[in-house]
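Reader: Could you walk me through a few features of this structure and how to read them?

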Amino acid sequence: MEDVDRSGFGTAGPDSRSLEDGPPIDRIESVFAVYEVRRENEKLVYYGDPLTHPQRVMSELWSDFRNRGYDTTLETRHGEYVLVAEPRSVGIDGVPWTNVFLLLATVASTLFVGAWWWYPSVDPFANPIEIIYAWPFSLAILGVLGVHEMGHYVLSRYHQVDASLPYFIPVPTLIGTMGAVIRMKGRMPDRKALFDIGVAGPLAGLVATVVVAVVGLHLPPVTFDPSLLQHPDAIQIKLGYPPLLELLAAGFDQPLYRDDPTTGVNPVVIGAWVGMFVTFLNLIPVGQLDGGHILRAMTGEFQETIAAVVPGALFALAAYLYYVQDYGLNTVAVWIIWGVLTTLVASVGPATPIRDESLGRGRFVLGIVTFGIGLLCFMPVPVEVVG
């Protein structure tokens with residue numbers, strides 16, 4: 001434990017940062033009366049009492065600590081206010097082996113699932129090496145997901161918010177993955193950073209998705225053996241197409257729908273479908289989803305009021321499809337699952353920036369445009385399972 005030195009310095013141990021690395025104690029005490037200072041490993045911990053609203057304490061001191069290489073939080077420990085300053089990461093240290101391993105595993109899972117579901121001439125069980133033929137599908141999936149997450153990563157670095165590289169999630173689903181995520185640590189400095197980081201993923205991913213869609217629409221379709229459809233245990237997967245994909249198909253005069261049930265779109269188009277579906281889901285305006293970040297930056301605390309309505313709307317959509325449109329439970333389950341997920345995400349709440357000033361007009365307009373693009377990626381029935 002360190003006693004407070006009124007000049008702002010403390011005695012540093014040989015294996016730890018010194019208290020003098022933090023802002024001068026007089027600066028801290030302008031808004032936070034300090035009565036004890038400790039070092040906990042590399043952290044600087046100040047016990048005291050706020051002299052103003054706790055949110056203003058953070059707003060006043062955050063940049064002072066940040067300029068000295070610390071991320072700061074105001075906590076309570078056993079009823080006492082504690083200002084905790086933790087050294088801020090400035091980059092990736094060493095080889096991110098976890099990220100690399102998950103990426104390689106996701107490459108394998110998307111190749112296998114792609115070969116199994118979307119390339120009828122390939123049997124990955126009889127000839128496992130033939131899964132390599134599904135590389136266009138795998139590249140399309142990883143491309144749209146990876147570009148989306150790198151959009152977040154690049155803007156996080158731009159605003160000096162600590163963020164990890166993407167973690168891909170290999171799961172043998174219909175597309176071979178549950179997506180990708182990045183991990184962000186520390187607080188958002190202001191609404192501009194919150195907005196930029198939130199909007200960068202959907203917009204970057206959408207650019208990649210449009211490129212993948214155009215390429216896939218110009219590639220030859222795949223054909224299935226008609227006898228497969230007659231098998232009593234046959235399962236047929238029907239994808240709903242979002243308006244954006246239909247517009248691209250019409251604009252480039254490429255067929256998206258076919259009368260022949262044994263002919264389907266090229267698997268690369270499925271990659272674009274994934275990109276659009278992921279864009280819509282991420283733009284749902286709840287909690288710390290991308291849409292929640294964007295709407296919180298645009299509307300402030302009113303975002304939580306909107307977020308409270310979202311789960312009910314998703315449950316209502318599922319009920320409408322099930323009871324009115326007579327779709328099966330396996331078809332509407334996606335909206336039931338997302339109704340539950342958005343309930344949980346909304347209960348956690350949105351990210352709160354340190355400086356909570358209003359967003360500029362240009363970003364506000366861009367936010368409206370982004371949500372509009374998200375609606376073009378919406379499909380009432382994304383996947384219908386028949387059989």
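This is a predicted model: local features need pLDDT of at least 70, side-chain atom pairs count only at pLDDT 80 or more; totals for chains, interfaces and linings use all residues.

Reader: In what sense do strand 6 and strand 7 pair?

Author: Helices (H or I, at least four residues) and strands (E, at least two) are DSSP runs, numbered from the N terminus. Two strands pair if DSSP finds at least two bridges between them. Here, strand 6 (residues 167-170) and strand 7 (residues 177-181) are antiparallel, with 3 bridges. F168 sits opposite A180 in strand 7. The hairpin has 6 residues between the strands, and G176 takes a positive phi near 85° there.

Reader: Which residues make the nonpolar surface patch?

Author: Patch residues have over 30% relative accessible area and no salt bridge; like charges are joined within 9 Å, and nonpolar side chains (Val, Leu, Ile, Met, Phe, Trp, Tyr) within 5 Å. A salt bridge is a side-chain nitrogen of Lys or Arg within 4 Å of a carboxyl oxygen of Asp or Glu. Areas come from the Shrake-Rupley method with a 1.4 Å probe, and for residues only the protein chains shown count as cover. The patch covers about 1100 Å² and is made by F315, Y320, Y322, Y323, V324, L329, I336, I337, V340, L341 and L344. Helix 10 (302-324) and helix 11 (329-348) are the elements giving two or more residues to the patch. The largest share, 6 residues, comes from helix 11.

Reader: Is L329 buried or exposed?

Author: Buried means under 20% relative accessible area, exposed over 50%, and partly exposed in between (1.4 Å probe, protein chains only). L329, in helix 11, has 53%, so L329 is exposed.

Reader: How many aromatic pairs does a search of the whole structure find?

Author: A pair of aromatic rings is described by the distance of the centres and the angle of the planes. Rings of Phe, Tyr and Trp (its six-membered ring) pair if their centres lie within 6.5 Å; planes under 30 degrees apart count as stacked, over 60 as edge-to-face and the rest as tilted. The search finds 11 pairs. The rings of W116 and F125 are edge-to-face because their planes stand at 90°, with centres 5.0 Å apart. F280 and F378 form a tilted pair, 5.0 Å centre to centre and 45° between the planes.

How values were computed. Residues are numbered from 1 along each chain as its sequence is written. Side-chain values use heavy atoms; hydrogens and water are left out.
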